[in-house]
Amino acid sequence: MSKRIKKAVFPVAGMGTRFLPATKAMPKEMLPVVDKPLIQYAVEEAIAAGIEEFIFVTGRGKTAIEDHFDRSAELEAILMERGKHDALETSLAMIPENGRVTYTRQGNPLGLGHAVLCAKSLVGDEPFVVLLADDLIQSNVPCMKQMVESYGRTGGNMVAVMDVPREETQRYGVLEVEGTNGRLVSACGMVEKPKPEDAPSTLSAIGRYILDPGIFDTLENIPRGAGNEIQLTDALAAMIGKVPFYGYRFEGRRFDCGNKIGFLKATMSFALAREDMRDDVRNLIHEFAEGEAAE
């Protein structure tokens, strides 16, 4: 039986250049899908998986994230005064308990592996999860909860995986598959951003990880990889044979909110899933479709 997982790491130091100018003064993780920022979806997913401690690896210009998960006396007073009790309850419900949130800085943008390594002293010698807010997953059971439940039977390292078109493998870490058992995939290798003709499969890792603490020693000793960065994928591959390594085919739909079209798809899908918005959004879609057809 594997150890219970209590800590989550959120790498949020990226600059979000693909969303400029919106991200010039606002962290990309604070971009809202409907009425909730991306980072809040990630934190709520972690909470649903039983996570109790939240570690944010930040960078310059990210104080809005800290403010978001903190109390605002002025806002609370205004909401109370105006009788907006539902809004007040919503704003308070998203704030983890005191002492459950910590922040550390990634001074240099040296890749995802380096961001994870920055959390070493805060994680300690226990398994932990990593969630990337750019990858938003809509599912009946939160993706990380699915993974944690499976991890309880396997241990080791685990990544959420999905099949992608072969021409897109050069955007992902791609697994070399050894065997499958339902949603669980046993991997014997992993390659970071391979050319389509060199990819060992089309089964690709997305931004959900459960990691053995041994990953830190590996990250400290591996050479820089693609993009001259410290790649988490390379560290996972280096641990194969020492620690079991699995991919998990999650139930749900993943939206790549690191690009504009993926972000728009996520906004539409999450809006359509809400009873208070569904009919109006459908009417809006029809209105636009009819307008396009008339032109």
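A residue is called buried under 20% relative accessible area, exposed over 50% and partly exposed in between, with a 1.4 Å probe and protein chains only. At 53% relative accessibility, Asp-35 therefore counts as exposed.

Good morning, colleagues. The structure above is a predicted model, in which local features need pLDDT of at least 70 and side-chain atom pairs count only at pLDDT 80 or more, while totals for chains, interfaces and linings use all residues. Residues are numbered from 1 along each chain as its sequence is written, and side-chain values use heavy atoms, without hydrogens and water.

I begin with the domains. Domain 1 covers 5-257 and domain 2 covers 258-294, with bounds that come from an automatic or database domain assignment. Their C-alpha centres are 27 Å apart. To the contact, meaning heavy atoms within 4.5 Å, domain 1 brings 17 residues and domain 2 brings 14 residues.

How much area is buried between domain 1 and domain 2? The value is about 1400 Å², and carbon and sulfur atoms give 64% of it. Buried area here is the accessible area (1.4 Å probe) that two parts lose on being put together, summed over both. Of the area that domain 1 buries against domain 2, 36% is supplied by Phe-19, Val-34 and Gln-138, more than by any other three residues.

Between the two domains there are 6 residue pairs in polar contact, both residues being at pLDDT 80 or more. A polar contact is a pair of N or O atoms within 3.5 Å; within protein, one must be able to donate a hydrogen and the other to accept it, and residues adjacent in sequence count only if both atoms are side-chain atoms. On the side of domain 1 that touches domain 2, the elements giving two or more residues are β2 (32-33), α1 (38-48), β7 (135-138) and β13 (253-256). Helices (H or I, at least four residues) and strands (E, at least two) are DSSP runs, numbered from the N terminus.

I turn now to the charged pairs. Side chains of opposite charge can pair when their charged atoms come close. A salt bridge requires a side-chain nitrogen of Lys or Arg within 4 Å of a carboxyl oxygen of Asp or Glu. The whole structure holds 15 salt bridges. Asp-35 lies in the loop between β2 and β3 (36-37) and Arg-274 in the loop between α10 (260-272) and α11 (278-294), so this pair ties together parts 239 residues apart in sequence. Across the interface of the domains, the rule finds 1 salt bridge.

In the pair of Asp-35 and Arg-274, the closest N and O atoms are 2.9 Å apart. Arg-274 is partly exposed, at 26% relative accessible area. Arg-274 also forms a salt bridge with Asp-276, again with closest N and O atoms 2.9 Å apart. Through shared partners, Asp-35, Arg-274 and Asp-276 form one network.

A further salt bridge joins Arg-171 and Asp-256, at 3.2 Å from N to O. Arg-171 sits in the loop between β8 (157-163) and β9 (173-181) and Asp-256 in strand β13, 85 residues apart. Arg-171 is partly exposed at 45%, whereas Asp-256 is buried at 15%.

Finally, is Ser-201 buried or exposed? Ser-201 is buried, because its relative accessibility is 12%. This residue belongs to the loop between β10 (184-192) and β11 (203-211). A polar atom of the Ser-201 side chain lies 2.5 Å from the backbone oxygen of Leu-175, and one lies 3.1 Å from the backbone nitrogen of Leu-203.
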